[in-house]
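Let's take a walk through this protein together, from its overall layout down to a few individual residues. Keep the viewer open and follow along.

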Amino acid sequence: MKKISLIILAVLVIGAVFAFIQAPEATISGKVSSGGEPLPGVDVSVSGTNQGTVTNLEGKYSLEVGSNADTLIFSSLGYQTKKVAINGKNTINVQLSEE
């Protein structure tokens, strides 16, 4: 019984370590628009990762990123893709231009 308890404890500790390593460091939010109008459905992703989200009907997004994140990529059909450096910012608003 003591051996099982130690195994369970070890698994929990290892899981906690991985959760800490993978934990996001910051939340970035903002609004994507074009010509002053909000753009819903824009893909917002962190360069070099599989992290991403989509803007809501008001063109707003929120995304948790790790400490190694350096660039956000904004893309939508019919608009030019835009890359924006994070540089420690918590709010990034973007204007996309039509193709």
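**A guided tour of the fold**

What we have here is a predicted model. The protein has one helix and eight strands, and from the N terminus on, the elements run α-β-β-β-β-β-β-β-β. Of its 99 residues, 27% are buried. Looking at contacts with a separation of 6 or more, 46% of them link residues 24 or more positions apart. The protein exposes about 6800 Å², and carbon and sulfur atoms supply 56% of that area.

Let's begin with strand 1, which covers residues 26-34. How do strand 1 and strand 5 pair? Strand 1 and strand 5 (residues 60-65) run in the antiparallel sense and are joined over six bridges. As background, strands of a sheet pair through backbone hydrogen bonds, either parallel or antiparallel.

Four strands form it in the order 4-3-6-7, with antiparallel pairing. Strand 4 (52-54) and strand 7 stand at the edges with a single partner strand each, so one side of each is left without a neighbour in the sheet. On average, neighbouring strands of this sheet are turned by 20 degrees against each other, direction ignored. Strand 3 and strand 6 pair over four bridges in the antiparallel sense, and Val44 stands opposite Phe74 of strand 6.

Which residues have the most contacts inside the largest nonpolar core? This core has 18 residues, and those with the most contacts inside it are Val32, Tyr61, Leu72, Phe74, Ile92 and Leu96. Strand 1, strand 3 (43-46), strand 5 and strand 6 are the elements that give two or more residues to this core, and strand 5 gives the most, with three residues. Leaving aside residues up to four places away in sequence, Phe74 touches a list of residues that includes Val32, Val44, Tyr61, Ile92, Val94 and Leu96. In soluble globular proteins, nonpolar side chains tend to be buried together.

Is Ser76 buried or exposed? Ser76 lies in the loop between strand 6 (71-75) and strand 7 (82-85). Its relative accessible area is 18%, and because the cut-off for a buried residue is under 20%, Ser76 counts as buried. Beyond residues up to four places away in sequence, Ser76 touches Gly41 and Val42.

We finish with charge. Side chains of opposite charge can pair when their charged atoms come close. How many salt bridges does a search of the whole structure find? The search finds one, in which the side chains of Lys60 and Glu58 meet at 3.8 Å, N to O. Lys60 counts as partly exposed, at 43% relative accessibility, and Glu58 also counts as partly exposed, at 46%.

How values were computed
Residues are numbered from 1 along each chain as its sequence is written. This is a predicted model: local features need pLDDT of at least 70, side-chain atom pairs count only at pLDDT 80 or more; totals for chains, interfaces and linings use all residues. Side-chain values use heavy atoms; hydrogens and water are left out. Two strands pair if DSSP finds at least two bridges between them. Buried means under 20% relative accessible area, exposed over 50%, partly exposed in between (1.4 Å probe, protein chains only). Contact means heavy atoms within 4.5 Å. A salt bridge is a side-chain nitrogen of Lys or Arg within 4 Å of a carboxyl oxygen of Asp or Glu. Accessible areas come from the Shrake-Rupley method with a 1.4 Å probe; for residues, only the protein chains shown count as cover. A nonpolar core is a set of buried Ala, Val, Leu, Ile, Met, Phe, Trp, Tyr and Cys residues joined through side-chain atoms within 4.5 Å. Axes are lines fitted to C-alpha atoms, for helices over the stretch in contact, and angles run from 0 to 180 degrees between N-to-C directions.
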